[in-house]
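Biologist: I am new to this structure and would like to know how each description of it is reached. Could you set it out before we talk?

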Amino acid sequence: MELLPSTWYILISALFLSVSSSVLGSILFHKKQALIGDVITHAVLPGVCIAFLVFREKNIFWFLVGGSSTAMLATYIVQYLHRKKVLSEDILLASTLSIFFGIGVLFLSYIQQLPWGNQSGIDRFIFGQASTLSLLDAQVIAIISVAILTLFILGFRAVKIWVFDIQFAGTLNFPFKIVEALFIVFLCLLVMTGLQSVGIVLMSAMFVLPPSIAHFWKRSFTGGIIVAGLVSFVASAFGIMLSLLVPHIPTGPAIVVSLFGVLIVSLLLGKYNSLYSKLKAKKRHQDKIDEEHVLKSLYKLMESIKTETVDIFALHKATRMSFSRIEKICKKLEKRKLIKFSNNKIQLTPAGKAASKRIVRLHRLWELYLSEYLQLPEDHLHESAEDIEHYITPEVEAHLLTIMNFPKKDPHQKDIP
Amino acid sequence: MISDWWIIVNSALTAACCGILGSFIILRRMSMLVDAISHAVLPGIVIAYLFTESLQSIWLLIGAGLSGFATVWLIESIAKRYNLHEDASIGSIYTSMFALGIILISSLAFRVDLDQECVLYGEVSHTLFDVLVINGKVAGPKAFYLLLGIFIINLAFVLLNYKQLKVMSFDGVFASTIGISTSILHYTLMGLVSFTTVASFEMVGSILVIAYFTALPAIAYLFSYSLSAMLRLCILTGILCAVSGYFIALWWGVSVSGATVLSMGICLLVAIFVSPKKGLLKPWLYAKSK
């Protein structure tokens, strides 16, 4: 496929747009105000229509001014009324966005029946079609994005404080009100410029989806922004290509659906909070419990038959685990030099002896603790100790030892090693 | 003219349908979930429309209901299981569903007559062309009967579960401790919201319907001290806004749904200033009368 020159500006503006919307979107995400973006994207419509009615031409600068002023007005109304506690935030957000959009629809229907003849194409702002992007539009996007990035980098420390600890920010002698005002102004400007390529409803996706994806990959603020920007750009480029290659697919939705695909993948396979990481943590935990179980059984077997080697069948009987599982665990333990494992015979190394001794000690200490302090009958002790022995830390162990005066025998009259 | 009557009646009925459900939604602080549902029913509508090629079939309601359920479930399970803040989860899911719907419309429905403008803005007067004919007699637009049906279902739901809904709206935890199955009620409510959205989307569009669900009950909320008063006031305000919206539209020659939402906006603005509960002018208006 040959790239037309206009494809290049579309791609470059997509790059700028995705990086700067990820920066602002991450700020919104961490301030837990992701839906403010939604209000802004809907509230630009009346402004655009008013600008058209006043100046009677489709001029990007007047649209920018008009759209951003109504968007700022809407944001200000939401924040002011929320501060005054007139209504709860969700009602304010939902009502403001729909009422502003309704007023926009009203103007739009008024414009459409005017006899001026140049009104077609205002709708472009609502659905967005990147292929109609002109060089001028691309330049505006680039200028606004560069301004956002420069301000963000220069004021990084202030922004970070303002995002994560607004109370602390209030105690500092720094004009955070200006930070907030600038943030809103740039948010509105960016929305206005981005609308033409992705459309009204889907511009809010550019703010919400990339930081949500980054939530599954990075824990730090900066790292999250970098991941969000990268993902957003790749998805945008993919969406743009898709809409150029396949007929009847609009750009904005194509970008959002590709972002959604990435979100689903991150949800399943991400590094943090994802399904995969949860299953992995669960498996690691289960492995640890099984390893400790095997070690403890080894110690008990050696204690009862007084030998140095135990074979795998005895272990199978004692632990009731399958042979393959036991073998797997034994190999792991061998790697950590806790046991020697050959020919289905198992021997504990000195380090293994210490480790297994510790588990048995914890088990028996806990049994003693339950019977002394909670006066549980003897047959109730074992189950509880079986669970808790994996969780007792050295500190708790030391405390148990002190409060029970360094005991020698457990309730079943076995030695505490 | 007779068609003017139908416009006002349909518009008022839509407001009433949305208002009674919306009251419980704003009390439960879930307004943005309505925003999500109203956008996210789109793929369901489009898929159902592709099969039936009609905007008034029962399949449309079923398709939309299913995609509404799917959205609510996705949003809630992602927020709960994957530690994503609810705002972010709502924003991510509904935009994606909406995008999916738009792609479906523009890639498949170019053969059939369903466009983005119709979905986003809606127009009351469009609904008048499709009339129900019984025994050769014209018995009014189909949309009216659909809305009437939805209104009766919504009203029945609210009246039958009034006590449970009331407890759940004001104290959800208490409601579940005394044995009210809050999750069934919650999902039924959300299902009805999806149905109502679809029934009214042809008239008001998928974004303006949010105003019917949230702004209207918010006006009633600011002027009432009990739930039943709030519901009654909500229906009354809905009718008022529908009538005034119609006349504004007639006067300026603009879209009826836009004008109705404008009059809701004006009412809400007035309510925010003069409400006896929380109004901004409360200290000046009500303090001296003591």
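Modeller: Of the 184 residues in the largest nonpolar core, A:Ile40 and A:Val191 touch the most other members. This is a predicted model, in which local features need pLDDT of at least 70 and side-chain atom pairs count only at pLDDT 80 or more, while totals for chains, interfaces and linings use all residues. Residues are numbered from 1 along each chain as its sequence is written, and chains are lettered from A and ligands numbered from 1 in the order in which they are written.

Biologist: What makes a set of residues a nonpolar core, and which helix gives the most to this one?

Modeller: A nonpolar core is a set of buried Ala, Val, Leu, Ile, Met, Phe, Trp, Tyr and Cys residues joined through C-beta atoms within 7 Å; a residue is buried if 20 or more other C-beta atoms lie within 10 Å of its own, exposed if 12 or fewer, and partly exposed in between, with the C-beta atoms placed from the backbone. Helix α9 (residues 182-223) of chain B gives the most to this core, with 24 residues. A second, separate core has 26 residues, among them A:Val294, A:Leu295, A:Ile326 and A:Leu362.

Biologist: Which residues is A:Ile40 in contact with, leaving aside its neighbours within four places in sequence?

Modeller: Two residues are in contact if their C-beta atoms, placed from the backbone, lie within 7 Å, and with those neighbours left aside A:Ile40 is in contact with A:Ala71, A:Ala74, A:Thr75, A:Leu187, A:Cys188 and A:Val191.

Biologist: How many residues of chain A are in contact with chain B, and which element gives the most to that side?

Modeller: In chain A 52 residues are in contact with 52 residues of chain B, and α4(A) gives the most to the side of chain A that touches chain B, with 15 residues. Helices here are DSSP runs (H or I, at least four residues), as are strands (E, at least two), and they are numbered from the N terminus.

Biologist: Why is chain A called more spread out than a compact globule?

Modeller: The radius of gyration, taken over C-alpha atoms, is set against the globule rule of 2.2 Å times the number of residues to the power 0.38. For chain A the radius is 32 Å, well over the 22 Å that the rule gives for 417 residues, so the chain is more spread out than a compact globule. Its C-alpha atoms fill a box of roughly 100 × 55 × 35 Å, taken along the principal axes.

Biologist: Why is helix α18 of chain A said to lie largely in the open?

Modeller: Of the ten residues of α18 (residues 394-403) of chain A, the number buried is zero, so this helix lies largely in the open. After α18(A) comes A:Asn405, whose phi is positive, near 60°.

Biologist: How do you know whether A:Lys337 and B:Arg29 are exposed or partly exposed?

Modeller: A:Lys337 has 11 other C-beta atoms within 10 Å and is therefore exposed, whereas B:Arg29, with 13 C-beta neighbours inside 10 Å, counts as partly exposed. A:Lys337 is placed in the loop between α15 (323-335) and β2 of chain A, and its phi is positive, near 60°.

Biologist: What makes β2 and β3 of chain A a pair?

Modeller: Two strands pair if DSSP finds at least two bridges between them, and four bridges join β2 (residues 339-342) to β3 (residues 345-348) of chain A, which run antiparallel. The bridge partner of A:Phe341 in β3(A) is A:Ile346.
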